[in-house]
Amino acid sequence: MSRIDTLMGKMTLAEKLGQLTMAASSYTVTGPIIAGDSTDAIKAGTIGNLLNMVGAAHVRQMQRLAVEESRLGIPLLIGLDIVHGHRILFPVPLGEASLFDPETWALTARESAMEAAAEGLAMTFAPMLDVARDPRWGRSAEGPGEDPWLGARIAEAKVRGFQGADLAAADALAAVAKHYCAYGAVTAGRDYASVDISARTLREVHMPAFEAAVAAGVAAVMPAFTDLAGIPMTANKELLRGWLRGRWGFKGVIVSDYNAIAELINHGIAADLAEAAAHALNAGVDIDMMADAYRHGLPIALERGLVAMAQIDESVRRVLTLKEQLGLFDHPYRRGTTPESNATLTQRRRLARAVGARAIVMLKNDKETLPLPASLRRLAVIGPLADAPAEMRGPWWGAADTEGHVSVLSGLRAMLPHSQVLYVPGVAIESEDVSGIAAAVDLCATVDAIVLCVGEAAVMSGEAASRAHLDLPGKQREFAEAVLERARASAKPVIAILFSGRPLVVPWLVESADAVLAAWFLGSEAGNSISDVLTGRVSPSGRTPVTWARAEGQIPIFFGERPSGRPANPKDHFTSKYLDVANEPLFPFGHGLTYGLFVYSNLRVTPADVEDIDTIQIRVDVRNVGARAAQETVFLFTHDKLASVARPLLELKGFTKIDLRPGETGSVSLSLPATELRFLGPELEPVFEPGEVEILVGPCADRSRLLVGTIRLSWSRPC
Ligand code: GLC
């Protein structure tokens, strides 16, 4: 008989429900405060899992209570939102997506896991895989951007990185793919709002990243708070039992979101906690995070016949199996025993600095304003985010304290020891006080260049942080416009650095500034990463994983839209357009300038006639006609022009990178299995249809900048 069978045979109902319960410690608050202390319950075996606990000693103390003082000695599973680092922070996920580099995505997850496991943690509530095309939604910051194919690549990399090769290893974390599913499609970009999308959009846009996470072996999945067409995900039997466990074969644990089971009452599908608990358990949710619905609701649900003991046992078995896979039974204290060395932490900060620099997207760089000239003597670093180290953390900073992060000001002062680097905040991030603008404007006339640091506070994106206006908050626009006017009058270049968890709608700033960097929230080494790029020590290479709207009225705006029957035509009034704004975005998906300048030529796509068993080979030449070495990211898109259903104007199918010196020409190759050209036919089942498909290659999702080839698909002839 297995250890788990033996335990199951001994467990009381209260102990079983304890294994299905996750309670929060008070280290950090990630949801509504629900009072209560877990210590006695842990000793009684009626709480088997914890979240929001930080500190090796604290974690060990709780684990010892469970292992040495409870009746059955079942170890705790202790988790935390380690989303973009534990104590040393990497860029927020949306920023890190800009690297278009799966190896680095995996590496930062691995480093985060090592740091958190060294403090005794065994689970992270990450990766967040919600594709989002509405930047009003603050949780865009936590996700993979707007594209499902990219989301799937990030899912694979993050699961691999967090979990490592062996879930039982001392530095492995159980990853949790969240929030299943389509949370990014909330109504009007308002967090927690209802979700109502087509079955096609669900399957083509929102499910692929989760399917990829399951295929990569993710240990757990977290359903979204939201309903999907009226069925809350926490009670969605079709998507949890039907798709996740049935079609995809997921055998891991489903952990609810924070208090989400109790919130089924607010959704209007449960009259009380017992019904809510029954809905969730019947749908396949194993762990109740912070609703205490299972402990208090399931005994009543059993009496009412709403659930069967077998279902409770099925969930308990999955939780105990995960704990066994994590090695918690055999080595409950293995995680958290060995503190990391200073050399390890130093190396991790170096990585954070390098990843931060690569996450920066240079949106504009007129007149080669950047890199800053070595002759520069006086530099103004102004704005509410110029000396704001704590804000550089971005949302979901987890266990990262407020100190220890590098601001833009300190980064530049360290990088330019022989220059005068002068600082004035000008305005606060969100206040109405404009009294500081004059001093900032006066300073601009006395320096060689101006670095204008504007954008959002860390808490203005992430959870419960939707914004209806996507311009700069507070009086920052008034401040920036005054600075830009004075700078123009005194012919001083302005480099605007945008800090945000979403693509801001700032066409006026892009129009007036000489250079613009999207710096997202780069984490602990932000100021050094930014200084590396501003001074040319690092050539910017980031590419935006989201489309930047030129007006809020364009939202949702994304490159994977399907064609209109009346495509925009300036010569024809009755076509798909706005009367007041162009259709084109401010910046397309994939946009990002470097210190080089790249020209594409000589696209070769072979074979021209492709059978479903073939792999398509794509090659293109790239030349750096710029004055500096740089790295180019080359994107591969497809467009199926004629099919049984209307197909997106562009579909992302791959990317690669090339480093080129000035004047150097190189060629890149990409391969595409023809099976990747299958799609969901009219019945939403995968089909492979003969006919022509366009193969498009270039720097971003702007068709006018892509080289286009065509292949002809056919069925493989029966041999
Ligand atoms: C929050 C978030 C979820 C997080 C969980 C635990 O409400 O929705 O992403 O993992 O609670 O903090």
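Colleague: Which residues does leucine 273 touch, not counting residues up to four places away in sequence?
Modeller: Keep in mind that this model is predicted. Leucine 273 sits in helix α12, which covers residues 273-283. Leave out residues up to four places away in sequence, and the residues that leucine 273 touches are Ala262, Ile265, Asp292, Ala293, His296 and Gly297.

Colleague: Alanine 262 and leucine 273 are 11 residues apart along the chain, so how far apart are their C-alpha atoms?
Modeller: Alanine 262 is one of the residues that leucine 273 touches. Now take the C-alpha atoms of leucine 273 and alanine 262. Their separation is 6.1 Å.

Colleague: Is leucine 273 buried, partly exposed or exposed?
Modeller: Buried means under 20% relative accessible area, and exposed means over 50%. Leucine 273 has 26% relative accessibility, so it counts as partly exposed.

Colleague: On to the rings. How are tryptophan 105 and phenylalanine 655 arranged as an aromatic pair?
Modeller: The structure holds 17 aromatic pairs. In the pair of tryptophan 105 and phenylalanine 655, the centres are 6.5 Å apart and the planes make an angle of 75°. Planes over 60 degrees apart count as edge-to-face. The pair of tryptophan 105 and phenylalanine 655 is therefore edge-to-face.

Colleague: How many residues apart in sequence are the parts that tryptophan 105 and phenylalanine 655 tie together?
Modeller: Tryptophan 105 belongs to helix α6, residues 102-117. Phenylalanine 655 belongs to strand β21, residues 651-660. So the pair ties together parts whose distance in sequence, in residues, is 550.

Colleague: Are tryptophan 105 and phenylalanine 655 buried or exposed?
Modeller: The cut-off for buried is under 20% relative accessible area. Tryptophan 105 has 1% relative accessibility. Phenylalanine 655 has 15%. So tryptophan 105 counts as buried, and phenylalanine 655 also counts as buried.

Colleague: What kind of pair do tryptophan 149 and phenylalanine 655 form?
Modeller: The ring centres of tryptophan 149 and phenylalanine 655 are 5.8 Å apart. Their planes stand at 90°, so the pair is edge-to-face.

Colleague: Which helix holds tryptophan 149?
Modeller: Tryptophan 149 is buried, at 18% relative accessible area. Its pair with phenylalanine 655 of strand β21 ties together parts that are 506 residues apart in sequence. The helix that holds tryptophan 149 spans residues 148-163 and is α7.

Colleague: Which residues form one aromatic cluster?
Modeller: Trp105, Trp149 and Phe655 are among them.

Colleague: Over which ring does the charged end of arginine 133 sit?
Modeller: The charged end of arginine 133 is 4.0 Å from the ring centre. That ring belongs to phenylalanine 558.

Colleague: Why do the buried residues of helix α16 line one face?
Modeller: Helix α16 runs over residues 408-415, and its buried residues are Val408, Leu409, Gly411 and Leu412. Look down the axis of α16: these buried residues line one face of the helix because they fall within an arc of 165°.

Colleague: Which backbone nitrogens lie 3.2 Å and 2.8 Å from a polar atom of the side chain of asparagine 365?
Modeller: Asparagine 365 is in strand β11, residues 361-365. Asparagine 365 is buried, at 15% relative accessible area. The nitrogen at 3.2 Å belongs to threonine 369, and the nitrogen at 2.8 Å belongs to leucine 370.

Notes. Residues are numbered from 1 along each chain as its sequence is written. This is a predicted model: local features need pLDDT of at least 70, side-chain atom pairs count only at pLDDT 80 or more; totals for chains, interfaces and linings use all residues. Side-chain values use heavy atoms; hydrogens and water are left out. Rings of Phe, Tyr and Trp (its six-membered ring) pair if their centres lie within 6.5 Å; planes under 30 degrees apart count as stacked, over 60 as edge-to-face and the rest as tilted. Helices (H or I, at least four residues) and strands (E, at least two) are DSSP runs, numbered from the N terminus. Buried means under 20% relative accessible area, exposed over 50%, partly exposed in between (1.4 Å probe, protein chains only). A charge sits over a ring if NZ of Lys or CZ of Arg is within 6 Å of the ring centre and within 35 degrees of the ring normal. Contact means heavy atoms within 4.5 Å. The arc is that of the directions from the helix axis to the C-beta atoms. A polar contact is a pair of N or O atoms within 3.5 Å; within protein, one must be able to donate a hydrogen and the other to accept it, and residues adjacent in sequence count only if both atoms are side-chain atoms.
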